[in-house]
Amino acid sequence: MAGTSTDHKAHTPFLSRPGVRRLIPFAVITAIALVFIFQNRTSVEIRLLIPEVTMPLWGALLIAWGLGMLACAFTVRRRPKRHSRQQR
């Protein structure tokens, strides 16, 4: 019958999707971290075990942030999709 089909999926609002809800805190924290990183532009001496390097602080912070993101990407596992129980 025209216009009375009920087999359409219900439209889920964009902000209530689970993937988007997990992405929002990440985007906010990333934005704050990047603002902090690029506001610190002075040169600093950095020692990593033996070598000592003079570089802008924003570069060192950006490298540390990138390494943290890589560590997070390697440790976070995707959860398998959970099948919802069917209604009785």
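How many helices and strands does the protein chain have? The protein chain of this predicted model contains 2 helices and 2 strands.

**View 1. Order of the elements and confidence of the predicted chain.** Read from the N terminus, the elements follow the order α-β-β-α. The mean pLDDT of the protein chain is 77, and 73% of its residues reach 70 or more. Among the elements, strand β2 (residues 52–56) has the highest mean pLDDT, 90, while helix α1 (residues 18–39) has the lowest, 82. Where pLDDT is low, the predicted coordinates should not be read in detail. Of the 88 residues in the protein chain, 7% count as buried. Among contacts between residues at least 6 apart in sequence, 26% join residues at least 24 apart.

**View 2. The hairpin of β1 and β2.** Strands β1 and β2 run antiparallel and are joined by 5 bridges. Between the strands of the hairpin lie 4 residues. In this hairpin, Leu-49 adopts a positive phi near 60°. Of the 5 residues of β1, the number buried is 0, so β1 lies largely in the open.

View 3. Arg-47 belongs to strand β1, which spans residues 43–47. Is Arg-47 buried or exposed? Its relative accessibility is 58%, and Arg-47 therefore counts as exposed, because the exposed class begins over 50%. The side chain of Arg-47 also makes a polar contact with the side chain of Glu-52, at 3.2 Å.

**View 4. The packing of α1 and α2.** The axes of α1 and helix α2 (residues 57–75) come within 8 Å and cross at roughly 155°. Angles over 145 degrees count as roughly antiparallel, and α1 and α2 are therefore roughly antiparallel to each other.

**View 5. Residues that meet between α1 and α2.** Which residues of α1 meet residues of α2? On the α1 side, the residues are Phe-26, Thr-30, Ala-33, Leu-34, Phe-36, Ile-37 and Phe-38. On the α2 side, they are Trp-58, Leu-61, Leu-62, Trp-65 and Met-69.

Methods: Residues are numbered from 1 along each chain as its sequence is written. This is a predicted model: local features need pLDDT of at least 70, side-chain atom pairs count only at pLDDT 80 or more; totals for chains, interfaces and linings use all residues. Side-chain values use heavy atoms; hydrogens and water are left out. Buried means under 20% relative accessible area, exposed over 50%, partly exposed in between (1.4 Å probe, protein chains only). A polar contact is a pair of N or O atoms within 3.5 Å; within protein, one must be able to donate a hydrogen and the other to accept it, and residues adjacent in sequence count only if both atoms are side-chain atoms. pLDDT is the predictor's confidence in each residue, from 0 to 100. Two strands pair if DSSP finds at least two bridges between them. Axes are lines fitted to C-alpha atoms, for helices over the stretch in contact, and angles run from 0 to 180 degrees between N-to-C directions. Angles under 35 degrees count as roughly parallel, over 145 as roughly antiparallel, 65 to 115 as roughly perpendicular and the rest as oblique. Contact means heavy atoms within 4.5 Å.
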